[in-house]
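This briefing describes one protein chain, topic by topic. Please keep the sequence and the structure in view while reading.

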Amino acid sequence: MREALSDLIEVFGFRVQAFDSSESFLAVRTPGAYTCLVTDLNLSGESGVQLRQRLTALEPSLPVIIISAQDDPGARTVALSCGAFAYLTKPINDRVLLQHLTLALGQRTSPA
């Protein structure tokens, strides 16, 4: 799934770097190096929500889009209340993902 999603985002014209865990992402992350993070809700180790919560302290302006196979209103509420930019369910609709990426990147690059 990670490779397919990376390929799709590249087809949209964005540069992509994929990671196999939140730990590997956090190990190389430096402030401002990434413009958006797309993560799964269910990761090995910590969840996508827990990763968003960690990033709130490290880089609060980094938009995070959480993807899940669960169309669970409770999980959606938790994800959005912890600061996720969007919560999308699988199977991912290409146009919806592109719309959210474009909005997230516009928010990230717009003047404060």
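How do the residues of the lining of the largest pocket divide into nonpolar, polar and charged? There are 19 nonpolar, eight polar and five charged residues in that lining. The model is predicted, and the values below are computed from it. The points that follow begin with the pocket and then move to the helices, a strand, the aromatic residues and a loop.

**Largest pocket**

- The volume of the largest pocket is about 860 Å³.
- Its lining consists of 32 residues, and those that lie nearest the pocket centre are Val16, Gln17, Ala18, Leu37 and Val38.
- At least two lining residues come from each of α1 (2-11), α2 (22-28), β1 (37-40) and α5 (94-109).

**Helix α1**

- Leu5, Ser6, Leu8 and Ile9 are the buried residues of α1.
- These buried residues line one face of the helix, because they fall within an arc of 160° when seen down the axis of α1.
- Glu3 and Val11 are exposed, and they sit on the face of α1 turned away from its buried side.
- Leu8, a residue of α1, has a relative accessibility of 18% and therefore counts as buried, the cut-off being under 20%.
- Beyond its neighbours within four places in sequence, Leu8 is in contact with Asp94 and Leu97.
- Leu8 is 26 residues from Tyr34 in sequence, and the C-alpha atoms of Leu8 and Tyr34 are 18 Å apart in space.

**Strand β1**

- Thr39 is part of strand β1.
- The relative accessibility of Thr39 is 7%, so Thr39 counts as buried.
- Not counting residues up to four places away in sequence, Thr39 touches Gly48, Leu51, Val64, Ile65, Ile66 and Ile67.

**Helix α3**

- The buried residues in α3 are Gly48, Val49, Leu51, Arg52 and Leu55.
- Viewed down the axis of α3, its buried residues fall within an arc of 155°, so they line one face of the helix.
- The cover over the buried residues of α3 includes α2, β1, β2 (64-68) and α4 (73-81).
- Leu51 belongs to α3, which spans residues 48-58, and has a relative accessible area of 2%, which makes Leu51 buried.
- Apart from its neighbours within four places in sequence, Leu51 is in contact with Ser22, Phe25, Leu26, Leu37, Thr39, Leu43 and Glu46.
- Leu51 and Leu62 are eleven residues apart along the chain, with 12 Å between their C-alpha atoms.

**Helix α4**

- Leu80 is located in helix α4.
- Setting aside neighbours within four places in sequence, the contacts of Leu80 are with Phe85, Ala86 and Tyr87.
- From Leu80 to Ile65 the C-alpha to C-alpha distance is 9.4 Å, and the two residues are 15 apart in sequence.

**Aromatic residues**

- Three aromatic pairs are found in a search of the whole structure.
- The Phe19 and Phe25 rings form an edge-to-face pair, because their planes stand at 70°; the ring centres are 5.4 Å apart.
- Both Phe19 and Phe25 are buried.
- Phe19, Phe25 and Tyr34 make up one aromatic cluster.
- Phe25, a member of that cluster, is also among the residues in contact with Leu51.

**Loop between β3 and α5**

- Where does Pro91 lie? Pro91 is in the loop between β3 (86-89) and α5.
- The peptide bond that joins Lys90 and Pro91 is cis, with omega about 0°.

Conventions
Residues are numbered from 1 along each chain as its sequence is written. This is a predicted model: local features need pLDDT of at least 70, side-chain atom pairs count only at pLDDT 80 or more; totals for chains, interfaces and linings use all residues. Side-chain values use heavy atoms; hydrogens and water are left out. On a 1 Å grid over the protein atoms alone, a cavity is a set of points where a 1.4 Å probe fits but cannot get out, and a pocket is an open set with protein on both sides within 12 Å along at least five of seven lines; lining residues have an atom within 4 Å of a point. Grid points are joined across faces, edges and corners, and a volume is the space filled by probe spheres set on the points. Helices (H or I, at least four residues) and strands (E, at least two) are DSSP runs, numbered from the N terminus. Ala, Val, Leu, Ile, Met, Phe, Trp, Tyr, Cys and Pro count as nonpolar, Asp, Glu, Lys and Arg as charged, and the others, Gly among them, as polar. Buried means under 20% relative accessible area, exposed over 50%, partly exposed in between (1.4 Å probe, protein chains only). Contact means heavy atoms within 4.5 Å. The arc is that of the directions from the helix axis to the C-beta atoms. Rings of Phe, Tyr and Trp (its six-membered ring) pair if their centres lie within 6.5 Å; planes under 30 degrees apart count as stacked, over 60 as edge-to-face and the rest as tilted.
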